[in-house]
There are 2 protein chains.
Amino acid sequence: MNLDFEKSGGLVTAVVQDHATGRVLMVGYMNEEAFRATVETGFATFYSRSRRKLWLKGETSGHRLLVKQITTDCDRDAVLLQVEALGPGVCHEGYASCFFRRLENGEWKIAESPTYSPRAVYGDPA
Amino acid sequence: MNLDFEKSGGLVTAVVQDHATGRVLMVGYMNEEAFRATVETGFATFYSRSRRKLWLKGETSGHRLLVKQITTDCDRDAVLLQVEALGPGVCHEGYASCFFRRLENGEWKIAESPTYSPRAVYGDPA
């Protein structure tokens with residue numbers, strides 16, 4: 001029984017959850033090659049829709065995602081990764097989770113503090 | 001600051017998480033109308049990609065998702081809903097979560113027991 005990569009143009013949705021705290025850290029997308037790389041290496045690998053290539057999460061920052069468990073949903077077009085996040089944060093904007101903005105009275109408000117400096121990790125923006 | 005509905009052809013990815021246990025229950029998709037309906041009614045409403053229409057989760061089963069909190073990610077093309085799931089299960093196949101299959105040695109195995117009978121809720125398949 002395989003994943004359904006056809007439903008969304010070759011991609012499945014990948015939800016990443018901290019295996020210890022249960023916090024949802026990010027959502028990415030995987031083509032079949034990215035999914036296979038994730039399973040084979042044990043580190044979450046996505047397909048970057050903007051850069052159109054495989055993307056080993058943490059390749060630049062070192063903030064890799066060590067995969068502890070993978071589940072799939074009923075129609076097999078999404079996977080859920082339970083991970084141990086290596087490093088201070090998953091989000092390239094400097095937060096522990098990419099989901100750092102909360103809807104409050106119709107507006108998105110930053111609801112937490114950064115956990116690291118993106119500039120220190122990724123360098124100055126060009 | 002609005003959600004980015006353009007990136008994926010008018011849809012954002014919506015991850016649904018149990019607000020009390022942290023369990024990820026399902027992944028759906030929302031167009032702008034579905035997102036607005038979710039915020040206005042307080043019940044999760046998706047856009048069904050297969051039926052091409054709005055889909056109030058629990059419309060048939062009564063298993064609605066009462067939304068407690070909504071967050072969005074850094075690039076605003078995904079939302080995370082913290083919900084109270086009304087009813088015994090979110091998955092139309094009879095499970096508490098749609099993510100009931102776990103990858104074990106390269107095969108997807110059903111990793112838990114159903115929590116209700118889909119036939120009792122949805123009737124016999126035609």
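Biologist: How many helices and strands are there in chain A?
Modeller: This is a predicted model. Chain A holds two helices and eight strands. Along the sequence the pattern reads β-β-α-β-β-β-β-β-β-α.

Biologist: What makes chain A as compact as a globular protein of its length?
Modeller: The rule gives 14 Å for 126 residues, and chain A comes to 15 Å. The two values are close, so chain A is as compact as a globular protein of that length. The C-alpha trace spans about 40 × 35 × 30 Å along its principal axes.

Biologist: What share of the residues in chain A is buried?
Modeller: Of the 126 residues, 48% are buried. Chain A exposes about 6300 Å², and carbon and sulfur atoms supply 45% of that area. As for contacts with a separation of 6 or more, 40% join residues 24 or more positions apart.

Biologist: How do you know that the same surface serves both copies?
Modeller: Compare the contact residues. Of those in chain B, 100% recur in chain A.

Biologist: Why is A:C91 not counted in a disulfide?
Modeller: The cut-off for a sulfur pair is 2.5 Å. The nearest cysteine sulfur to A:C91 is that of B:C74, at 3.7 Å. That is beyond the cut-off, so A:C91 is in no disulfide. For A:C98, too, the nearest cysteine sulfur is that of B:C74, 3.7 Å away, and A:C98 is in no disulfide. Over all chains, the structure holds zero disulfides.

Biologist: Are these two cysteines, A:C91 and A:C98, buried or exposed?
Modeller: Buried means under 20% relative accessible area. A:C91 has 0%, so it counts as buried. A:C98 has 8%, so it is buried too.

Biologist: Why is A:H63 called buried?
Modeller: Its relative accessible area is 7%, under the 20% limit, so the label applies. A:H63 is found in the loop between β4 (53-56) and β5 (65-72) of chain A.

Biologist: What lies around A:H63?
Modeller: Beyond four places in sequence, its contacts include A:K57, A:G58, A:L86, A:Y116 and A:V121. A:G89 is among them as well. The backbone oxygen of A:G89 lies 3.1 Å from a polar atom of the A:H63 side chain.

Biologist: What makes A:E40 exposed?
Modeller: Exposed means over 50%. A:E40 has a relative accessible area of 62%, so it passes. A:E40 lies in helix α1 (residues 32-41) of chain A. A:E40 and A:E104 are 64 residues apart in sequence and 41 Å apart in space, C-alpha to C-alpha.

Biologist: And why is B:L65 called buried?
Modeller: Its relative accessible area is 0%, so B:L65 falls under the 20% limit. B:L65 lies in strand β5 (residues 65-72) of chain B.

Biologist: Which residues does B:L65 touch, not counting those up to four places away in sequence?
Modeller: Among them are B:V16, B:M26, B:F43, B:F46, B:V83 and B:V90.

Conventions. Residues numbered from 1 in each chain as written. Chains lettered and ligands numbered in written order. Predicted model: local features only at pLDDT ≥ 70, side-chain atom pairs only at ≥ 80, totals over all residues. Heavy atoms only, no water. Contact = heavy atoms within 4.5 Å. Helix = DSSP H or I, 4+ residues; strand = E, 2+ residues; numbered from the N terminus. Buried < 20%, exposed > 50% of the residue type's maximum accessible area, 1.4 Å probe, protein only. Polar contact = N/O pair within 3.5 Å; in protein donor to acceptor, adjacent residues only side chain to side chain. Rg over C-alpha atoms; globule rule 2.2 N^0.38 Å. Areas by Shrake-Rupley, 256 points an atom, 1.4 Å probe, with all protein chains shown as cover.
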